[in-house]
Amino acid sequence: MQPKTFLVLGGYGNSGLALARLLLRFSDCRLVLAGRNLQRAEAAAAGLNAEFSGMRVKGIRLDATDTAALKPAFAGMDMAVAASSTARCAGAVAAAALEAGSDYLDIQLSSEEKLAALNALRPQILNAGRCFITDGGFHPGLPAVMIRHAAQQFDRLTSANIGSLLKVNWADLHFSEATLREFADEITREIANPRPAIYRDKMWRKAGMFSAKDYPAFDFGTAFGKRRCAPMFLEEMRYLPEMFPALQETAFYVSGFNWFVDGVVFPLLMAGVKIHPQGKFAALGNLLIWGLRRFSKPPYNNILKLEARGEKAGKPAYRELRISHEDGYLLTAAPVAACLLQYLDGTIRQPGLWLMAHLVEPGRLLEDLVRMGISVEWKKGEPAEKRVG
Ligand SMILES: NC(=O)c1ccc[n+]([C@@H]2O[C@H](COP(=O)([O-])OP(=O)(O)OC[C@H]3O[C@@H](n4cnc5c(N)ncnc54)[C@H](OP(=O)(O)O)[C@@H]3O)[C@@H](O)[C@H]2O)c1
């Protein structure tokens, strides 16, 4: 069979390049790395061609906002992969992929706008028999995979909460300006208009500002200890109560960044949003980025920790699943590469629009994460000291 070819938008960015490297290492696919800087795309392709045999990579210039250029660039590609900070262009990128006859995957957090744009294409995607995958990566991407996998170890899964810790050395990271802007916009939007992120008492609800229960602490182990976390909406979590009807409680939580961002920037943003609900807050976005760079301190790590409770053989049961890696971009790219391995061998290539976390086979994905160098650890039995909250 002919090797498949993927065009990776943002292919020389942090996540895109990590993904490219994993795909070249674990599959025979060919890649086109694309972004707005031809020199960087060609240099990244040359670097990968020197590292992996077969001259399988080329670099091109492609701007996701240039809708006329997308379709010709996607022609002949098996899949367009959006690893670029272009969530606002998701509809245009997906439509161009559809017109060009290629499949699609993105790793961008689903805003309501992104979901609406992709959902609008759903009938055409199905008609054309294309496989479109959204919300790939670490988060979004892994939380519902972890819960789907853990559920297999219970007769009844009743509670599944995930805490995430992102301790990154922001000062050493180099992003596209577009990425910083997108990140600041995402945070501002979630603060201005939080989506219902906690499933409890048979309904999804927003966190109460003063409810300690809605801001539980997760123990992230040596070096980090217990950290109080805030709920964050992820589209992939929304369908879990339908999949596991015994589920009484589920949510995805994120720990804070550092004292300055959590204690100064977020309260300012919240106050700003209250006074000016339609405000843009670009200056606070800049302060957020400055605060991340200035005040993030070691130790660094990226951790997802699932605490699952339920019943097994008529007895209460507890499982912990912890997935971590110090390199947040490897942790972002590895689930996508593992998903694409399942796509490449045809296991999950089905027509439709799918959330990555719902489409993949969870056990195999976790095994592939381990092969790619990610730490995946299980623990049975309730901890001596229960989660505070
Ligand atoms: N799901 C997850 O777990 C997860 C984790 C991390 C990041 N992400 C998402 O992944 C995306 C990339 O993040 P990153 O940290 O890898 O950022 P990054 O290192 O800054 O890379 C972004 C890439 O996108 C390209 N790009 C930006 N605007 C573009 C445009 N209009 N057309 C074509 N290419 C464009 C950039 O190149 P040029 O600027 O040169 O064009 C760059 O190559 C973001 O949306 C981020 O939110 C998801």
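Predicted model: local features only at pLDDT ≥ 70, side-chain atom pairs only at ≥ 80, totals over all residues.

**Entry 1, charges over rings.** I looked up Arg294 and found its charged end over the ring of Phe295, 5.0 Å from the centre. I then checked Arg319, which lies over the face of Phe154, with 5.8 Å to the ring centre.

How many aromatic pairs does the count come to? I got 15 aromatic pairs. I picked out Phe6 and Tyr343: their ring centres are 6.1 Å apart and their planes are at 55 degrees, so I wrote this pair down as tilted. The two residues sit in distant parts of the chain, 337 residues apart, with Phe6 in strand β1 (residues 5-9) and Tyr343 in helix α12 (residues 328-344). Buried or exposed? I looked up both: Phe6 is buried at a relative accessible area of 0%, and Tyr343 is buried at 2%.

Next I turned to Trp170 and Phe175, a tilted aromatic pair with 5.9 Å from centre to centre and 40 degrees between the planes. Both Trp170 and Phe175 are buried.

I started at Asp214, whose salt bridge with Arg200 has its closest N and O atoms 2.9 Å apart. Asp214 is in the loop between β9 (203-205) and β10 (217-219), while Arg200 is in strand β8 (residues 198-200), so this pair ties together parts 14 residues apart in sequence. Asp214 is buried, with a relative accessible area of 1%, and Arg200 counts as buried at 6%.

Asp214 also forms a salt bridge with Arg205, and there the closest N and O atoms are 3.4 Å apart. Arg205 is partly exposed, at 24% relative accessibility.

Then I looked up Glu377, which forms a salt bridge with Arg322 at 3.4 Å between the closest N and O atoms. Glu377 belongs to strand β16 (residues 375-380) and Arg322 to strand β14 (residues 315-325), so parts 55 residues apart in sequence are tied together. I have Glu377 down as partly exposed at 39%, and Arg322 as partly exposed at 23%.

How values were computed:
Residues numbered from 1 in each chain as written. Heavy atoms only, no water. Phe/Tyr/Trp six-rings, centres within 6.5 Å; stacked < 30°, edge-to-face > 60°. Helix = DSSP H or I, 4+ residues; strand = E, 2+ residues; numbered from the N terminus. Buried < 20%, exposed > 50% of the residue type's maximum accessible area, 1.4 Å probe, protein only. Lys NZ or Arg CZ within 6 Å of the ring centre and 35° of its normal. Salt bridge = Lys/Arg side-chain N within 4 Å of Asp/Glu carboxyl O.
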